[in-house]
Amino acid sequence: MAADGVEDLLRPLAPQVLGALVRRFGHFDACEDAVQEALLAAATQWPRDGRPERPKAWLITVASRRLVDRLRGDESRRRREDATAARVPSDALFSPAADDERAPAHDDTLTLLFLCCHPALTAPSQLALTLRAVGGLTTAEIASAFLVPEATMAQRISRAKARIRDAGSTFGPPPAAERAERLGVVLHVLYLVFNEGYTASSGPDLARADLTAEALRLTRLVHHLLPDDGEVAGLLALMLLTDARRPARTAADGSLVVLAEQDRTRWDRAAIDEGTALLATALGGDAPLGPYQVQAAIAAVHDEAADDASTDWAQVLALYGVLERLAPNPLVTLNRAVAAGVVHGPEAGLALLATVADDERLAGNHRVDAVRAHLLEQAGDLDGARAAYRQAARRTTSAPEQRHLEGRARRLT
Amino acid sequence: MKYMLMIYGNEDVWTSFEPEAMQKLVNETDALLRDLAESGELVGAYGVSDQVMAKQVHVTDGVPAVTDGPYIEAKEYLGSFTIVDCESLDRALEIAAANPASAFTQVEVRPLMHESASNP
(Lines give C-alpha, C1' and ligand atoms only; values in the text may rest on other atoms or scores of the structure.)
Protein backbone atom coordinates (compact mmCIF):
# COMPACT_ATOMS: atom_id res chain seq x y z
CA MET A 1 0.00 0.00 0.00
CA ALA A 2 1.06 3.57 -0.56
CA ALA A 3 2.99 5.07 2.33
CA ASP A 4 1.43 8.52 2.16
CA GLY A 5 -1.11 8.28 4.92
CA VAL A 6 -3.72 6.50 2.81
CA GLU A 7 -2.78 3.26 4.53
CA ASP A 8 -3.35 4.76 7.98
CA LEU A 9 -6.74 5.95 6.83
CA LEU A 10 -7.70 2.63 5.25
CA ARG A 11 -6.78 0.19 8.01
CA PRO A 12 -9.28 1.35 10.64
CA LEU A 13 -11.96 1.49 7.94
CA ALA A 14 -11.37 -2.07 6.70
CA PRO A 15 -13.36 -3.92 9.40
CA GLN A 16 -16.11 -1.28 9.38
CA VAL A 17 -16.59 -1.62 5.63
CA LEU A 18 -16.47 -5.41 5.81
CA GLY A 19 -18.94 -5.39 8.70
CA ALA A 20 -21.36 -3.18 6.77
CA LEU A 21 -21.14 -5.48 3.75
CA VAL A 22 -21.57 -8.77 5.60
CA ARG A 23 -24.45 -7.27 7.56
CA ARG A 24 -26.17 -6.35 4.32
CA PHE A 25 -25.29 -9.24 2.02
CA GLY A 26 -24.14 -12.19 4.14
CA HIS A 27 -21.40 -14.25 2.36
CA PHE A 28 -18.48 -13.41 4.66
CA ASP A 29 -15.95 -15.01 2.32
CA ALA A 30 -17.08 -13.19 -0.83
CA CYS A 31 -17.46 -9.89 1.05
CA GLU A 32 -13.92 -10.21 2.41
CA ASP A 33 -12.52 -10.58 -1.10
CA ALA A 34 -14.57 -7.61 -2.30
CA VAL A 35 -13.32 -5.41 0.54
CA GLN A 36 -9.71 -6.36 -0.23
CA GLU A 37 -10.26 -5.31 -3.84
CA ALA A 38 -11.83 -2.03 -2.74
CA LEU A 39 -8.90 -1.34 -0.40
CA LEU A 40 -6.44 -1.98 -3.21
CA ALA A 41 -8.45 0.25 -5.53
CA ALA A 42 -8.37 3.01 -2.90
CA ALA A 43 -4.64 2.59 -2.33
CA THR A 44 -3.96 3.14 -6.01
CA GLN A 45 -6.68 5.68 -6.89
CA TRP A 46 -6.74 8.02 -3.90
CA PRO A 47 -3.12 9.17 -4.08
CA ARG A 48 -3.67 9.85 -7.79
CA ASP A 49 -7.20 11.29 -7.90
CA GLY A 50 -7.50 12.69 -4.40
CA ARG A 51 -9.36 11.33 -1.42
CA PRO A 52 -13.15 11.11 -1.57
CA GLU A 53 -15.01 13.31 0.85
CA ARG A 54 -16.47 10.30 2.63
CA PRO A 55 -13.88 7.54 2.39
CA LYS A 56 -15.95 4.90 4.15
CA ALA A 57 -18.97 5.40 1.89
CA TRP A 58 -16.65 5.25 -1.14
CA LEU A 59 -15.20 1.93 0.05
CA ILE A 60 -18.62 0.48 0.82
CA THR A 61 -19.86 1.51 -2.63
CA VAL A 62 -16.89 0.06 -4.50
CA ALA A 63 -16.80 -3.11 -2.40
CA SER A 64 -20.56 -3.65 -2.84
CA ARG A 65 -20.24 -3.37 -6.60
CA ARG A 66 -17.31 -5.74 -6.66
CA LEU A 67 -19.33 -8.19 -4.61
CA VAL A 68 -22.44 -7.94 -6.75
CA ASP A 69 -20.33 -8.24 -9.90
CA ARG A 70 -18.51 -11.20 -8.48
CA LEU A 71 -21.80 -12.88 -7.76
CA ARG A 72 -22.97 -12.02 -11.28
CA GLY A 73 -19.59 -12.53 -12.92
CA ASP A 74 -19.78 -9.19 -14.72
CA GLU A 75 -16.23 -7.96 -15.14
CA SER A 76 -16.70 -5.21 -17.67
CA ARG A 77 -19.33 -3.37 -15.69
CA ARG A 78 -17.03 -3.42 -12.70
CA ARG A 79 -14.32 -1.37 -14.37
CA ARG A 80 -16.78 1.14 -15.78
CA GLU A 81 -18.49 1.78 -12.46
CA ASP A 82 -15.42 1.96 -10.27
CA ALA A 83 -14.24 4.91 -12.28
CA THR A 84 -17.41 6.80 -11.46
CA ALA A 85 -17.74 5.72 -7.85
CA ALA A 86 -15.50 8.48 -6.57
CA ARG A 87 -17.56 11.15 -8.31
CA VAL A 88 -20.98 10.03 -7.11
CA PRO A 89 -22.01 11.79 -3.89
CA SER A 90 -22.31 9.06 -1.32
CA ASP A 91 -25.62 10.41 -0.03
CA ALA A 92 -27.07 9.47 -3.37
CA LEU A 93 -26.09 5.88 -2.71
CA PHE A 94 -26.63 5.38 0.97
CA SER A 95 -28.58 7.03 3.68
CA PRO A 96 -26.18 8.34 6.32
CA ALA A 97 -27.51 5.83 8.86
CA ALA A 98 -26.00 2.99 6.86
CA ASP A 99 -22.46 4.01 7.61
CA ASP A 100 -22.48 6.87 10.09
CA GLU A 101 -23.84 5.20 13.18
CA ARG A 102 -20.88 4.57 15.39
CA ALA A 103 -22.24 1.75 17.49
CA PRO A 104 -23.10 -0.79 14.76
CA ALA A 105 -19.74 -0.25 13.05
CA HIS A 106 -17.93 -0.91 16.30
CA ASP A 107 -20.05 -3.93 17.14
CA ASP A 108 -19.29 -5.18 13.62
CA THR A 109 -15.57 -4.96 14.25
CA LEU A 110 -15.88 -7.07 17.38
CA THR A 111 -18.12 -9.56 15.60
CA LEU A 112 -15.55 -9.81 12.81
CA LEU A 113 -12.81 -10.52 15.35
CA PHE A 114 -14.89 -13.32 16.85
CA LEU A 115 -15.48 -14.71 13.36
CA CYS A 116 -11.80 -14.56 12.29
CA CYS A 117 -10.76 -16.24 15.53
CA HIS A 118 -13.28 -19.02 14.99
CA PRO A 119 -12.43 -22.15 17.01
CA ALA A 120 -12.73 -24.30 13.86
CA LEU A 121 -9.56 -22.66 12.48
CA THR A 122 -5.93 -23.47 13.21
CA ALA A 123 -3.92 -20.76 14.95
CA PRO A 124 -1.95 -19.79 11.79
CA SER A 125 -5.27 -19.38 9.92
CA GLN A 126 -6.81 -17.30 12.72
CA LEU A 127 -3.79 -14.99 12.65
CA ALA A 128 -3.79 -14.59 8.89
CA LEU A 129 -7.52 -13.97 8.61
CA THR A 130 -7.57 -11.50 11.51
CA LEU A 131 -4.76 -9.47 9.99
CA ARG A 132 -6.49 -9.32 6.62
CA ALA A 133 -10.16 -8.91 7.52
CA VAL A 134 -9.79 -6.81 10.68
CA GLY A 135 -6.30 -5.38 10.24
CA GLY A 136 -6.72 -4.48 6.57
CA LEU A 137 -3.30 -5.85 5.63
CA THR A 138 -2.78 -7.24 2.15
CA THR A 139 -2.04 -10.91 1.57
CA ALA A 140 1.44 -9.93 0.35
CA GLU A 141 2.15 -8.00 3.56
CA ILE A 142 0.97 -10.87 5.76
CA ALA A 143 2.97 -13.39 3.71
CA SER A 144 6.14 -11.34 4.06
CA ALA A 145 5.57 -10.91 7.79
CA PHE A 146 5.31 -14.67 8.26
CA LEU A 147 8.10 -15.43 5.75
CA VAL A 148 6.06 -17.68 3.50
CA PRO A 149 5.29 -17.32 -0.22
CA GLU A 150 2.29 -15.16 -1.08
CA ALA A 151 0.55 -18.13 -2.71
CA THR A 152 0.84 -20.10 0.53
CA MET A 153 -0.70 -17.27 2.53
CA ALA A 154 -3.45 -16.69 -0.05
CA GLN A 155 -4.36 -20.36 0.16
CA ARG A 156 -4.31 -20.29 3.97
CA ILE A 157 -6.72 -17.34 3.98
CA SER A 158 -9.12 -18.77 1.44
CA ARG A 159 -9.12 -22.10 3.27
CA ALA A 160 -9.90 -20.31 6.52
CA LYS A 161 -12.84 -18.52 4.94
CA ALA A 162 -14.14 -21.76 3.46
CA ARG A 163 -13.94 -23.42 6.87
CA ILE A 164 -15.92 -20.62 8.48
CA ARG A 165 -18.54 -20.96 5.75
CA ASP A 166 -18.66 -24.74 6.20
CA ALA A 167 -19.01 -24.34 9.95
CA GLY A 168 -22.26 -22.52 9.16
CA SER A 169 -21.28 -19.40 11.07
CA THR A 170 -23.60 -16.49 10.79
CA PHE A 171 -22.60 -12.88 11.21
CA GLY A 172 -23.45 -12.08 14.75
CA PRO A 173 -21.94 -12.09 18.22
CA PRO A 174 -21.28 -15.55 19.72
CA PRO A 175 -23.93 -16.94 22.09
CA ALA A 176 -23.65 -15.53 25.61
CA ALA A 177 -22.56 -18.91 27.00
CA GLU A 178 -19.57 -19.04 24.62
CA ARG A 179 -18.65 -15.37 24.71
CA ALA A 180 -15.96 -15.44 27.42
CA GLU A 181 -14.24 -18.42 25.84
CA ARG A 182 -14.38 -16.88 22.34
CA LEU A 183 -12.99 -13.59 23.64
CA GLY A 184 -10.16 -15.64 25.15
CA VAL A 185 -9.34 -16.99 21.69
CA VAL A 186 -9.40 -13.46 20.22
CA LEU A 187 -6.97 -12.22 22.88
CA HIS A 188 -4.72 -15.23 22.35
CA VAL A 189 -4.59 -14.55 18.61
CA LEU A 190 -3.68 -10.89 19.23
CA TYR A 191 -1.01 -12.06 21.68
CA LEU A 192 0.41 -14.42 19.05
CA VAL A 193 0.49 -11.64 16.45
CA PHE A 194 2.35 -9.48 18.94
CA ASN A 195 4.88 -12.22 19.72
CA GLU A 196 5.39 -12.96 16.05
CA GLY A 197 6.32 -9.30 15.58
CA TYR A 198 8.17 -8.83 18.84
CA THR A 199 10.68 -11.48 17.90
CA ALA A 200 11.91 -9.31 15.01
CA SER A 201 15.64 -8.82 15.01
CA SER A 202 17.43 -8.11 11.79
CA GLY A 203 17.66 -8.55 8.05
CA PRO A 204 14.62 -9.93 6.27
CA ASP A 205 12.65 -9.95 9.52
CA LEU A 206 12.52 -6.19 9.87
CA ALA A 207 9.03 -6.16 8.37
CA ARG A 208 7.86 -8.21 11.32
CA ALA A 209 8.10 -5.20 13.65
CA ASP A 210 4.93 -4.01 11.84
CA LEU A 211 3.11 -6.96 13.37
CA THR A 212 3.81 -5.59 16.85
CA ALA A 213 2.32 -2.25 15.89
CA GLU A 214 -0.66 -4.01 14.31
CA ALA A 215 -1.24 -6.19 17.38
CA LEU A 216 -1.10 -3.09 19.59
CA ARG A 217 -3.50 -1.21 17.32
CA LEU A 218 -6.03 -4.06 17.27
CA THR A 219 -5.77 -4.65 21.02
CA ARG A 220 -6.29 -0.93 21.61
CA LEU A 221 -9.38 -1.20 19.43
CA VAL A 222 -10.75 -4.12 21.47
CA HIS A 223 -9.99 -2.24 24.70
CA HIS A 224 -11.87 0.76 23.31
CA LEU A 225 -14.85 -1.51 22.56
CA LEU A 226 -14.70 -3.37 25.89
CA PRO A 227 -13.18 -0.85 28.32
CA ASP A 228 -14.36 -2.72 31.43
CA ASP A 229 -12.80 -6.07 30.56
CA GLY A 230 -9.80 -6.57 32.84
CA GLU A 231 -8.06 -9.14 30.64
CA VAL A 232 -8.30 -6.94 27.52
CA ALA A 233 -6.72 -4.10 29.50
CA GLY A 234 -4.19 -6.57 30.92
CA LEU A 235 -3.16 -7.78 27.48
CA LEU A 236 -2.79 -4.22 26.18
CA ALA A 237 -0.69 -3.35 29.24
CA LEU A 238 1.43 -6.47 28.77
CA MET A 239 2.11 -5.54 25.13
CA LEU A 240 3.01 -1.95 26.02
CA LEU A 241 5.26 -2.97 28.93
CA THR A 242 7.03 -5.57 26.78
CA ASP A 243 7.35 -3.47 23.63
CA ALA A 244 8.81 -0.63 25.73
CA ARG A 245 12.03 -2.65 26.01
CA ARG A 246 12.45 -3.20 22.29
CA PRO A 247 15.02 -0.38 21.73
CA ALA A 248 17.35 -2.04 24.27
CA ARG A 249 16.90 -5.67 23.21
CA THR A 250 19.30 -5.57 20.30
CA ALA A 251 22.94 -4.47 20.39
CA ALA A 252 24.47 -2.31 17.65
CA ASP A 253 25.78 -5.46 15.93
CA GLY A 254 22.28 -6.97 15.92
CA SER A 255 22.96 -9.48 18.68
CA LEU A 256 20.52 -10.23 21.47
CA VAL A 257 20.72 -8.40 24.80
CA VAL A 258 19.06 -10.25 27.68
CA LEU A 259 16.82 -8.40 30.14
CA ALA A 260 19.43 -8.30 32.93
CA GLU A 261 21.96 -6.59 30.66
CA GLN A 262 19.73 -4.13 28.83
CA ASP A 263 20.46 -0.39 28.97
CA ARG A 264 17.26 0.65 30.74
CA THR A 265 17.64 4.31 29.82
CA ARG A 266 16.72 3.23 26.30
CA TRP A 267 13.36 1.82 27.36
CA ASP A 268 10.29 3.67 26.12
CA ARG A 269 9.17 5.56 29.25
CA ALA A 270 5.85 6.74 27.74
CA ALA A 271 4.85 3.15 26.90
CA ILE A 272 5.77 2.00 30.41
CA ASP A 273 3.71 4.80 31.98
CA GLU A 274 0.71 4.01 29.79
CA GLY A 275 0.98 0.28 30.51
CA THR A 276 1.32 0.78 34.26
CA ALA A 277 -1.66 3.16 34.38
CA LEU A 278 -3.82 0.72 32.38
CA LEU A 279 -2.85 -2.10 34.67
CA ALA A 280 -3.56 -0.09 37.83
CA THR A 281 -7.06 0.71 36.55
CA ALA A 282 -7.69 -2.92 35.59
CA LEU A 283 -6.49 -4.28 38.93
CA GLY A 284 -8.55 -1.68 40.79
CA GLY A 285 -11.75 -2.60 38.93
CA ASP A 286 -14.37 -5.24 39.67
CA ALA A 287 -13.33 -7.57 36.85
CA PRO A 288 -11.82 -10.90 37.92
CA LEU A 289 -8.04 -11.24 37.88
CA GLY A 290 -6.70 -13.08 34.82
CA PRO A 291 -3.39 -14.35 33.42
CA TYR A 292 -2.74 -11.34 31.14
CA GLN A 293 -3.08 -8.94 34.07
CA VAL A 294 -0.64 -11.02 36.13
CA GLN A 295 1.86 -11.22 33.25
CA ALA A 296 1.56 -7.46 32.80
CA ALA A 297 2.16 -7.01 36.53
CA ILE A 298 5.36 -9.08 36.26
CA ALA A 299 6.50 -7.03 33.26
CA ALA A 300 5.74 -3.86 35.25
CA VAL A 301 7.94 -4.98 38.17
CA HIS A 302 10.87 -5.38 35.76
CA ASP A 303 10.10 -2.14 33.93
CA GLU A 304 9.96 -0.14 37.17
CA ALA A 305 13.39 -1.33 38.39
CA ALA A 306 16.30 0.98 37.63
CA ASP A 307 18.56 -2.05 37.07
CA ASP A 308 18.49 -5.83 37.39
CA ALA A 309 19.90 -5.79 40.93
CA SER A 310 17.16 -3.51 42.26
CA THR A 311 14.37 -5.63 40.78
CA ASP A 312 11.79 -6.68 43.37
CA TRP A 313 12.34 -10.40 42.75
CA ALA A 314 10.25 -11.41 45.76
CA GLN A 315 7.32 -9.71 44.06
CA VAL A 316 8.13 -11.42 40.74
CA LEU A 317 8.26 -14.78 42.51
CA ALA A 318 4.91 -14.19 44.23
CA LEU A 319 3.29 -13.11 40.94
CA TYR A 320 4.53 -16.25 39.14
CA GLY A 321 2.94 -18.22 41.97
CA VAL A 322 -0.37 -16.43 41.31
CA LEU A 323 -0.02 -17.02 37.56
CA GLU A 324 0.66 -20.71 38.14
CA ARG A 325 -2.55 -21.05 40.12
CA LEU A 326 -4.61 -19.12 37.53
CA ALA A 327 -3.15 -20.84 34.48
CA PRO A 328 -0.99 -23.86 35.37
CA ASN A 329 1.70 -24.37 32.75
CA PRO A 330 5.22 -25.84 33.02
CA LEU A 331 6.68 -22.77 31.26
CA VAL A 332 5.35 -20.60 34.07
CA THR A 333 6.95 -22.92 36.62
CA LEU A 334 10.21 -22.58 34.69
CA ASN A 335 10.02 -18.79 35.06
CA ARG A 336 9.16 -19.18 38.72
CA ALA A 337 12.33 -21.30 39.09
CA VAL A 338 14.41 -18.36 37.79
CA ALA A 339 12.80 -16.01 40.31
CA ALA A 340 13.17 -18.58 43.11
CA GLY A 341 16.85 -18.84 42.20
CA VAL A 342 17.32 -15.15 42.88
CA VAL A 343 15.18 -14.97 46.03
CA HIS A 344 16.03 -18.29 47.74
CA GLY A 345 19.27 -19.24 46.00
CA PRO A 346 20.14 -21.38 42.95
CA GLU A 347 19.51 -24.69 44.75
CA ALA A 348 15.89 -23.71 45.38
CA GLY A 349 15.58 -22.79 41.71
CA LEU A 350 17.07 -26.10 40.60
CA ALA A 351 14.75 -28.02 42.94
CA LEU A 352 11.75 -26.29 41.39
CA LEU A 353 13.11 -26.89 37.90
CA ALA A 354 13.39 -30.60 38.67
CA THR A 355 9.63 -30.76 39.26
CA VAL A 356 8.86 -29.84 35.64
CA ALA A 357 12.01 -30.87 33.72
CA ASP A 358 10.44 -34.19 32.75
CA ASP A 359 7.06 -32.71 31.85
CA GLU A 360 6.05 -33.98 28.42
CA ARG A 361 5.04 -30.48 27.33
CA LEU A 362 8.62 -29.30 27.81
CA ALA A 363 10.28 -32.27 26.08
CA GLY A 364 13.20 -31.00 24.02
CA ASN A 365 12.45 -27.36 24.94
CA HIS A 366 15.69 -25.37 25.06
CA ARG A 367 14.32 -23.13 27.83
CA VAL A 368 14.71 -25.97 30.34
CA ASP A 369 18.41 -26.25 29.51
CA ALA A 370 18.88 -22.46 29.45
CA VAL A 371 17.30 -22.03 32.90
CA ARG A 372 19.29 -24.97 34.27
CA ALA A 373 22.48 -23.46 32.85
CA HIS A 374 21.73 -20.09 34.41
CA LEU A 375 21.04 -21.65 37.84
CA LEU A 376 24.10 -23.94 37.68
CA GLU A 377 26.26 -20.95 36.79
CA GLN A 378 24.95 -19.10 39.86
CA ALA A 379 25.58 -22.19 41.98
CA GLY A 380 29.19 -22.23 40.80
CA ASP A 381 28.95 -25.48 38.81
CA LEU A 382 30.65 -24.05 35.74
CA ASP A 383 31.16 -27.39 33.95
CA GLY A 384 27.50 -28.27 34.39
CA ALA A 385 26.45 -24.76 33.32
CA ARG A 386 28.60 -24.91 30.21
CA ALA A 387 27.16 -28.26 29.17
CA ALA A 388 23.61 -27.02 29.76
CA TYR A 389 24.20 -23.79 27.76
CA ARG A 390 25.56 -25.92 24.90
CA GLN A 391 22.56 -28.22 25.07
CA ALA A 392 20.22 -25.20 25.04
CA ALA A 393 22.09 -23.75 22.04
CA ARG A 394 21.69 -27.02 20.14
CA ARG A 395 17.99 -27.19 20.85
CA THR A 396 16.81 -23.66 20.07
CA THR A 397 15.62 -22.87 16.54
CA SER A 398 16.23 -19.15 17.06
CA ALA A 399 19.52 -18.18 15.44
CA PRO A 400 20.20 -15.04 17.59
CA GLU A 401 19.39 -16.97 20.73
CA GLN A 402 21.67 -19.78 19.63
CA ARG A 403 24.54 -17.32 19.17
CA HIS A 404 23.78 -15.83 22.59
CA LEU A 405 23.74 -19.23 24.34
CA GLU A 406 26.94 -20.32 22.63
CA GLY A 407 28.52 -17.08 23.81
CA ARG A 408 27.48 -17.89 27.38
CA ALA A 409 29.02 -21.35 27.13
CA ARG A 410 32.28 -19.96 25.71
CA ARG A 411 32.49 -17.32 28.43
CA LEU A 412 32.64 -20.09 31.04
CA THR A 413 35.69 -21.79 29.55
CA MET B 1 6.82 -23.28 12.60
CA LYS B 2 8.70 -24.26 9.48
CA TYR B 3 10.15 -27.71 8.97
CA MET B 4 12.35 -29.19 6.29
CA LEU B 5 11.53 -32.74 5.27
CA MET B 6 14.50 -34.39 3.58
CA ILE B 7 14.34 -37.60 1.67
CA TYR B 8 17.57 -39.54 1.47
CA GLY B 9 18.33 -42.41 -0.82
CA ASN B 10 20.90 -43.84 -3.20
CA GLU B 11 21.14 -45.30 -6.67
CA ASP B 12 20.12 -48.72 -5.41
CA VAL B 13 16.94 -47.29 -3.99
CA TRP B 14 15.99 -45.14 -7.00
CA THR B 15 16.80 -47.77 -9.66
CA SER B 16 14.95 -50.53 -7.86
CA PHE B 17 11.61 -49.23 -9.16
CA GLU B 18 9.93 -50.43 -12.32
CA PRO B 19 8.83 -47.47 -14.50
CA GLU B 20 5.18 -47.97 -13.56
CA ALA B 21 6.01 -48.11 -9.89
CA MET B 22 8.11 -44.96 -10.24
CA GLN B 23 5.25 -43.15 -11.97
CA LYS B 24 2.90 -44.20 -9.21
CA LEU B 25 5.34 -42.81 -6.66
CA VAL B 26 5.57 -39.52 -8.56
CA ASN B 27 1.79 -39.25 -8.81
CA GLU B 28 1.30 -39.98 -5.13
CA THR B 29 3.91 -37.38 -4.24
CA ASP B 30 2.22 -34.83 -6.51
CA ALA B 31 -1.11 -35.52 -4.85
CA LEU B 32 0.42 -35.00 -1.41
CA LEU B 33 2.01 -31.72 -2.49
CA ARG B 34 -1.29 -30.54 -3.96
CA ASP B 35 -3.01 -31.26 -0.64
CA LEU B 36 -0.32 -29.35 1.24
CA ALA B 37 -0.60 -26.38 -1.14
CA GLU B 38 -4.35 -26.40 -0.66
CA SER B 39 -4.09 -26.48 3.13
CA GLY B 40 -1.72 -23.50 2.99
CA GLU B 41 1.14 -25.47 4.54
CA LEU B 42 3.46 -25.94 1.57
CA VAL B 43 6.32 -23.47 1.34
CA GLY B 44 8.21 -25.33 -1.36
CA ALA B 45 9.23 -28.77 -2.61
CA TYR B 46 12.28 -29.53 -4.73
CA GLY B 47 14.15 -32.54 -6.00
CA VAL B 48 17.91 -32.13 -6.14
CA SER B 49 19.95 -33.39 -9.06
CA ASP B 50 22.14 -36.44 -9.00
CA GLN B 51 25.45 -36.31 -7.18
CA VAL B 52 27.33 -36.14 -10.51
CA MET B 53 25.95 -32.61 -10.99
CA ALA B 54 27.24 -31.42 -7.62
CA LYS B 55 29.95 -28.75 -7.47
CA GLN B 56 32.04 -27.62 -4.55
CA VAL B 57 33.09 -24.02 -4.15
CA HIS B 58 35.98 -23.17 -1.87
CA VAL B 59 37.60 -19.76 -1.63
CA THR B 60 41.30 -19.60 -0.78
CA ASP B 61 42.91 -16.16 -0.40
CA GLY B 62 39.97 -14.61 -2.21
CA VAL B 63 40.25 -16.98 -5.18
CA PRO B 64 37.29 -19.31 -5.65
CA ALA B 65 38.08 -22.84 -6.68
CA VAL B 66 35.29 -24.95 -8.12
CA THR B 67 35.56 -28.70 -8.15
CA ASP B 68 33.23 -31.52 -9.13
CA GLY B 69 31.82 -33.89 -6.60
CA PRO B 70 31.89 -34.83 -3.90
CA TYR B 71 31.81 -38.47 -4.90
CA ILE B 72 31.83 -39.43 -1.29
CA GLU B 73 31.11 -42.97 -0.37
CA ALA B 74 27.96 -41.93 1.45
CA LYS B 75 25.48 -44.75 1.76
CA GLU B 76 22.65 -42.32 1.17
CA TYR B 77 22.45 -38.74 -0.02
CA LEU B 78 19.83 -36.02 -0.28
CA GLY B 79 17.35 -36.67 -3.07
CA SER B 80 14.65 -34.08 -2.46
CA PHE B 81 13.37 -31.74 0.17
CA THR B 82 10.07 -30.16 1.11
CA ILE B 83 9.60 -27.12 3.33
CA VAL B 84 6.30 -26.87 5.17
CA ASP B 85 4.94 -24.25 7.55
CA CYS B 86 2.64 -26.14 9.87
CA GLU B 87 1.13 -26.01 13.31
CA SER B 88 3.31 -28.48 15.19
CA LEU B 89 6.09 -31.04 15.04
CA ASP B 90 3.43 -33.73 15.20
CA ARG B 91 1.84 -32.36 12.04
CA ALA B 92 5.26 -32.23 10.31
CA LEU B 93 5.84 -35.87 11.24
CA GLU B 94 2.39 -36.75 9.91
CA ILE B 95 3.25 -35.06 6.60
CA ALA B 96 6.55 -36.95 6.49
CA ALA B 97 4.73 -40.23 7.06
CA ALA B 98 2.27 -39.36 4.28
CA ASN B 99 5.13 -39.07 1.81
CA PRO B 100 5.17 -42.30 -0.21
CA ALA B 101 9.00 -42.32 -0.03
CA SER B 102 8.80 -42.93 3.70
CA ALA B 103 7.74 -46.50 2.93
CA PHE B 104 11.14 -47.46 1.51
CA THR B 105 13.62 -44.87 2.75
CA GLN B 106 13.68 -42.55 5.70
CA VAL B 107 12.39 -38.98 5.71
CA GLU B 108 14.39 -36.70 7.96
CA VAL B 109 12.43 -33.89 9.67
CA ARG B 110 14.30 -30.84 10.97
CA PRO B 111 12.87 -27.54 12.32
CA LEU B 112 14.18 -24.54 10.35
CA MET B 113 16.15 -21.92 12.25
CA HIS B 114 14.77 -18.38 12.25
CA GLU B 115 16.23 -14.95 12.93
CA SER B 116 13.93 -14.38 15.86
CA ALA B 117 14.74 -14.22 19.52
CA SER B 118 12.34 -15.85 21.92
CA ASN B 119 13.92 -14.19 24.95
CA PRO B 120 12.26 -10.97 26.14
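**Chatting through chains A and B**

Reader: How many helices and strands are in chain B?
Author: Chain B has three helices and six strands. Bear in mind that this is a predicted model.

Reader: OK, what order do the elements of chain B run in from the N terminus?
Author: Starting at the N terminus, they go β-α-α-β-β-β-β-α-β.

Reader: And what share of chain B's residues is buried?
Author: Of its 120 residues, 32% are buried. As for contacts between residues at least 6 apart in sequence, 76% join residues at least 24 apart.

Reader: Switching to chain A. At what angle do the axes of H19 and H20 cross?
Author: H19(A), residues 366-379, and H20(A), residues 382-395, cross at roughly 160 degrees, with their axes coming within 8 Å. Angles over 145 degrees count as roughly antiparallel, so that is what H19(A) and H20(A) are to each other. The crossing is left-handed.

Reader: Which residues make that contact?
Author: On the H19(A) side they include His366(A), Asp369(A), Arg372(A) and Leu376(A). From H20(A), Leu382(A), Ala385(A), Tyr389(A) and Arg395(A) are among them. By class, the contact has eight nonpolar, four polar and four charged residues.

Reader: Now H9 in chain A. What does it reach from first C-alpha to last?
Author: H9(A) covers residues 150-166, 17 residues, and reaches 24 Å, close to the 24 Å expected at 1.5 Å a residue.

Reader: Which of its residues are buried?
Author: Thr152(A), Met153(A), Arg156(A), Ile157(A), Ala160(A), Lys161(A) and Ile164(A).

Reader: And which residue takes a positive phi just after H9?
Author: That's Gly168(A), with a phi of about 70 degrees.

Definitions and conventions. Residues are numbered from 1 along each chain as its sequence is written. Chains are lettered from A and ligands numbered from 1 in the order in which they are written. This is a predicted model: local features need pLDDT of at least 70, side-chain atom pairs count only at pLDDT 80 or more; totals for chains, interfaces and linings use all residues. Side-chain values use heavy atoms; hydrogens and water are left out. Axes are lines fitted to C-alpha atoms, for helices over the stretch in contact, and angles run from 0 to 180 degrees between N-to-C directions. Helices (H or I, at least four residues) and strands (E, at least two) are DSSP runs, numbered from the N terminus. Angles under 35 degrees count as roughly parallel, over 145 as roughly antiparallel, 65 to 115 as roughly perpendicular and the rest as oblique. A crossing is left-handed if the near helix is turned anticlockwise from the far one by less than a right angle, and right-handed if clockwise. Contact means heavy atoms within 4.5 Å. Ala, Val, Leu, Ile, Met, Phe, Trp, Tyr, Cys and Pro count as nonpolar, Asp, Glu, Lys and Arg as charged, and the others, Gly among them, as polar. The expected span of a helix is 1.5 Å times one less than its number of residues. Buried means under 20% relative accessible area, exposed over 50%, partly exposed in between (1.4 Å probe, protein chains only).
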